[in-house]
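Please open the model in your viewer and keep the selection panel handy. We will go from stop to stop, picking out a few elements at a time.

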Amino acid sequence: MEIEIQLTGSPIAEKISPPQLAAHGAWLEFRGAVRDEENGVKISALEYEAYAEMAVREIRRLLEALSPRHFCLAAKVIHRIGIVPAGEAAIYVGIASRHRAEAIALLGEFMNGLKQAVPIWKRRALPANFVGDEVTSLKSKGIRNQPETPHVVSYNSKIRSLDEAMAEIQSRCESLPAVRVSLEESFGRVLRETVCAPEDLPPVDRSTRDGYAVLSNDESEAFFVVDTIHAADWKPRQLKSGETVRVATGATLPCDGLRVAMQENVERNGDQIRIIKREAGLNLRKRGEDVKAGQPLVQSGVRLDAGKLALLATAGCAQPLVNPRLRVAHFTTGDEIIPPEQMPKPGQIRDSNSILIRGLLQNFPCDVTQKHLPENFESAKSQITNHKSQIENADVLLVSGGASVGDKDFTRPLLEWLGFEIVFSQVNVRPGRPLIFGVNGNRITFGLPGNPLSHFVCFHLFVAVALAKLTGQETPGFFRGKLAENLEDAPCPRETLWPARLEFTNGELRLRPLKWSSSGDITCLTETNALIRVPMNQGSIETGAAVDFLPTQDSASSLSLIFNLRPARRLSYDDCI
Ligand code: AMP
Ligand code: MG
């Protein structure tokens, strides 16, 4: 079979001459024009994007796979990429077969397969009144096959700045519906309601000592012991002058206006006591001393740790309203990747991303499934088909590797095949530029560049932001701190997230930039607890200069403790440096 495939940014010619072989049978031509309506809305044009090399390969593979069933002499496929105005053809297919019926059958199946298997997609529809330069400039771009990016055609898929990407992620993620679960199950989850004190805490005046309760103004020489009250007792009675009640620590005092004399400061003789040393304090916890009824105990949006759970238990909130456990599916890609326990052959690399992702996810109660995908689009798709329900049930789908422009990088078409709308696929940061973010209803996906350092950075910059939104927390933000040492770097046209060690020495916070030279470096991760944000084209920064930084997971919580601030509130602690 003779096959000719073109992806083009130019209009498809009105007349296309059939191949010579067509003279031996039927020549069927099909043109698919852009309609002036998309999902019921009037439009002026559609914009198409493609992974050009992969698309050409897939079109060829599709035709070859169909030809044994529908004999075909020759096929010609032309697909337009970029802006295609309504009324103009986006696709042309010419098929030469022995009989017209064969050509028609092949065309039908080919068009179905094209939609499913070929990485060409509608990027957006332009509104009906859309005019002006953008159409012209996009149209003139045509198909790019520049030497530095030989495999990808990315039409106007605007690279996002770090701030744009973070904002877009926040705006596209909704918090998941909250659930009520037991206290044990709530650990680490985000409280989604503010829990208030149902009553005064403590609800009654309680003794803080083992001793003897007497009227606080009673100056009697000796007291007659009229009762004994243990912690579990409830024995209200009004004491008179010269009377005392033996009380245990935690016991509910019998009436108001009492103080407790410590047992150590009392002499007892039968039912009589004498206070030999009078203490300054009352030795009791007053009703409502900790918190008054109705006051907030734990605010909505905070992560439940041991202390907060203890408070909820005290207040009788045994089924708090919290975020559901996140369901995360994580795929690794790359035929070079082997499990950590294996000895790598030349060219192989041990999988470090699986454990890295699992570890980083520990801060977000979630159920994680992890799988490795073969580095072949078709095999990957069939493996995924076998686990489709896991993916369909996942709130978050993470794919490690294959997010870039290499021959075998299929993460983007894979995510599109799974029904995700790709919101962006590049962010102007180092490391981690090829970062894919997509949404499908309230499910989200990230295609993360494979290098472990890029993974680490992208997780903190982007995935953690999304997880915070999904779970109902405030999203992480940057702090300001001072450099402990020079940060040596050449100016870079991207913003850099520089691994650093945040240290608290001599009462001051200081950031020590760590050594790294490429996103493949992983040794710096043993010390990294912060990422310094180096502005684009900045170059080196001197010791003592103030810089923005993002605390990474472990330091984020200790930092908020040190400063009694939640990093999420984007507060700076300039005052402290
Ligand atoms: P990719 O993003 O697929 O182009 O991969 C970029 C680099 O990251 C390559 O050197 C990969 O071998 C490496 N890499 C990809 N996945 C992993 C992984 N799971 N663990 C460690 N390195 C990886
Ligand atoms: Mg790869």
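## A tour by selection

Start by selecting helix α1 (residues 52–66), which lies across β1 and β5 (74–80) and runs at about 150° to β1. Helix α2 (residues 100–117) also belongs in this view: α2 packs on the sheet and touches β2, β5 and β7, with its direction making about 140° with that of β7. Bear in mind throughout that this is a predicted model.

**The sheet under these helices.** Now show the strands themselves. The open sheet has 4 strands in the order β1-β5-β7-β2, and its pairing is mixed. Which strands stand at the edges? They are β1 (2–8) and β2 (26–33); each has a single partner strand, so one side of each is left without a neighbour in the sheet. From one strand to the next, the twist averages 5°.

Zoom in on β2 and strand β7 (residues 89–97), which run antiparallel and are joined by 8 bridges. To see one of these pairs, pick Glu29 and look for its bridge partner in β7, Gly94.

**A strand with two partners to visit.** Next, select strand β14 (residues 243–247). Is β14 largely enclosed or left open by the rest of the structure? Largely enclosed, because 4 of its 5 residues are buried. Val225 has Thr244 as its bridge partner in β14. While you have side chains displayed, recall that in a regular strand they alternate between the two faces of the sheet.

**Helix α11 and α4.** Move on to helix α4 (residues 162–172) and α11, whose axes come within 9 Å and cross at roughly 25°. The two helices are therefore roughly parallel to each other, and α4 passes α11 in a right-handed crossing. For the contact, select Leu162, Ala165, Met166, Ile169 and Gln170 in α4, which meet Leu461, Phe462, Val465, Ala466 and Lys469 in α11. Colour by class and you will find 8 nonpolar residues, 1 polar and 1 charged in the contact of α4 with α11.

**Helix α11 and α7.** Keep α11 (residues 452–471) on screen and bring in helix α7 (residues 353–361): their axes come within 11 Å and cross at roughly 30°. That angle makes α7 roughly parallel to α11. Asn353, Leu356, Ile357, Leu360 and Leu361 of α7 make the contact with Pro452, His455, Phe456, Phe459, His460 and Leu467 of α11. By class, the contact of α7 with α11 holds 8 nonpolar and 3 polar residues, with no charged ones. The crossing of α7 past α11 is right-handed.

**Backbone details in the loops.** Finish with a few backbone torsions.

- Select Leu201 and Pro202: the peptide bond between them is cis, with omega near -10°. Pro202 is in the loop between β10 (195–196) and β11 (206–207).
- Select Arg430 and Pro431, where the peptide bond is cis with omega near -10°. Pro431 sits in the loop between β27 (429–430) and β28 (436–440).
- Select Asn283, not a glycine but with a positive phi of about 60°. Asn283 lies in the loop between β17 (272–275) and β18 (284–285), and it counts as buried at 14% relative accessibility.
- Select Asn537, also not a glycine, with a positive phi of about 60°. Asn537 is in the loop between β33 (530–534) and β34 (546–551).

Key. Residues numbered from 1 in each chain as written. Chains lettered and ligands numbered in written order. Predicted model: local features only at pLDDT ≥ 70, side-chain atom pairs only at ≥ 80, totals over all residues. Heavy atoms only, no water. Axes fitted to C-alpha atoms, helices over the stretch in contact; angles between N-to-C directions. Parallel < 35°, antiparallel > 145°, perpendicular 65-115°, else oblique. Left-handed = near helix turned anticlockwise from the far one by under 90°. Contact = heavy atoms within 4.5 Å. Nonpolar A, V, L, I, M, F, W, Y, C, P; charged D, E, K, R; others polar. Buried < 20%, exposed > 50% of the residue type's maximum accessible area, 1.4 Å probe, protein only. Pairing = 2+ DSSP bridges.
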